[in-house]
Amino acid sequence: MKCWLTTLAGMMVFATQAMAADATYTLNIDPGAQTWYVTASASTGDNAGLSLVSVPLVNVDFPVSLLLPVEFGSTGQAFTQNRTSTTSPIGASQFTAAPSSLVYGFGQTSGTLATEDLGVFIQQSYDAVLLVAQGTYTGLLLPEFGAGGAANVFTSQGGTTTEAATLSFVTNIIPEPASLVLLGIGTLLIAGRSGAR
């Protein structure tokens with residue numbers, strides 16, 4: 001009986017872990033221009049989009065350009081709270097105490113923030129993969145993710161309850177045009193040598 005209960009408890013823990021939402025931060029670096037940008041995405045089917053974004057970055061020039069969607073109007077909506085661009089981690093959160101200001105589906109679907117009189121927007125229209133921030137760096141060290149960071153998601157469409165997502169970090173180096181030319185030449189040379197045999 002004890003063995004059966006232990007197995008059942010283990011299955012319940014596994015099922016709970018399998019249902020956890022995932023969030024991915026992707027750091028895209030262009031060494032030629034010494035620029036970078038970060039995007040965020042959230043898994044689908046197990047949550048209703050990002051409610052909090054907190055990205056730890058090192059080797060970047062502060063302040064950064066924080067581009068999380070927000071509308072500053074009479075009520076405001078989207079990522080209006082705790083906007084941080086001068087130190088790591090960068091990010092912002094939605095104001096869950098004001099349900100009318102919440103926007104669902106961030107990091108999952110594209111959309112446009114609602115127009116409001118005298119509203120001032122940052123990224124009024126946004127993509128399914130959410131643009132978080134962009135900036136520059138100086139020196140030889142490339143930007144990278146630091147320790148920590150967080151991402152919260154809404155547990156249901158229309159609700160105010162949030163939970164922490166399991167984080168993944170991805171880094172992409174954007175090749176310089178000269179590197180692409182050299183790669184192309186190398187590929188042609190290899191193809192030419194193979195064809196000559």
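Guide: Start with the naming of strands. A strand here is a DSSP run of E with at least two residues, and strands are numbered from the N terminus. Keep in mind that this is a predicted model.

Now go to the loop between β8 (81-84) and β9, where Pro 89 is found. A cis peptide bond joins Ser 88 to Pro 89, with omega at about 0°. Most peptide bonds are trans. A cis bond also links Phe 62 and Pro 63, and omega is again about 0°. Pro 63 sits in the loop between β4 (57-58) and β5 (65-66).

That loop holds Asn 59 too. The phi of Asn 59 is positive, near 65°. Most residues other than glycine have a negative phi.

Asn 82 belongs to strand β8. The phi of Asn 82 is positive as well, near 50°. Asn 82 is exposed, since its relative accessible area is 60% and the cut-off for exposed is over 50%.

Ser 101 lies in the loop between β9 and β10 (111-112). Ser 101 has a relative accessible area of 4%, so it counts as buried; buried means under 20%. What does the side chain of Ser 101 reach? The side chain of Ser 101 comes to 2.8 Å from the backbone oxygen of Ala 98. Leave out residues up to four places away in sequence, and Ser 101 touches Gly 76, Gln 77, Ala 78, Gln 94 and Phe 95.

Residues 77-78 make up β7. The sheet is open, has three strands in the order β7-β6-β11, and pairs in the antiparallel sense. β7 and β11 (120-122) are its edge strands; each has a single partner strand, so one side of each lacks a neighbour in the sheet. β6 (residues 70-72) and β7 share two bridges, in the antiparallel sense. Glu 71 has Gln 77 as its bridge partner in β7. Strands of a sheet pair through backbone hydrogen bonds.

Now look at Phe 79. Setting aside neighbours within four places in sequence, Phe 79 is in contact with residues including Leu 50, Leu 68, Val 70, Gln 94, Phe 106 and Leu 130. Phe 79 also belongs to the largest nonpolar core, which has 33 residues. Phe 79 is among the members that touch the most other members, along with Trp 36, Leu 50, Val 55, Leu 57, Phe 106 and Val 132. Which strands each supply at least two residues of this core? They are β1, β2, β3 (50-55), β9 (90-93), β13 (130-136) and β15 (150-154).

β1 (residues 22-30) and β2 (residues 35-42) pair in the antiparallel sense, over eight bridges. Thr 26 has Thr 39 as its bridge partner in β2. The two strands form a hairpin with four residues between them. Gln 34 lies in that turn, and its phi is positive, about 55°. β1 also pairs with β17 (residues 166-173) in the parallel sense, over eight bridges. Ile 29 finds its bridge partner in β17 at Ile 173.

Key: Residues are numbered from 1 along each chain as its sequence is written. This is a predicted model: local features need pLDDT of at least 70, side-chain atom pairs count only at pLDDT 80 or more; totals for chains, interfaces and linings use all residues. Side-chain values use heavy atoms; hydrogens and water are left out. Two strands pair if DSSP finds at least two bridges between them. A nonpolar core is a set of buried Ala, Val, Leu, Ile, Met, Phe, Trp, Tyr and Cys residues joined through side-chain atoms within 4.5 Å. Buried means under 20% relative accessible area, exposed over 50%, partly exposed in between (1.4 Å probe, protein chains only). Contact means heavy atoms within 4.5 Å. A polar contact is a pair of N or O atoms within 3.5 Å; within protein, one must be able to donate a hydrogen and the other to accept it, and residues adjacent in sequence count only if both atoms are side-chain atoms.
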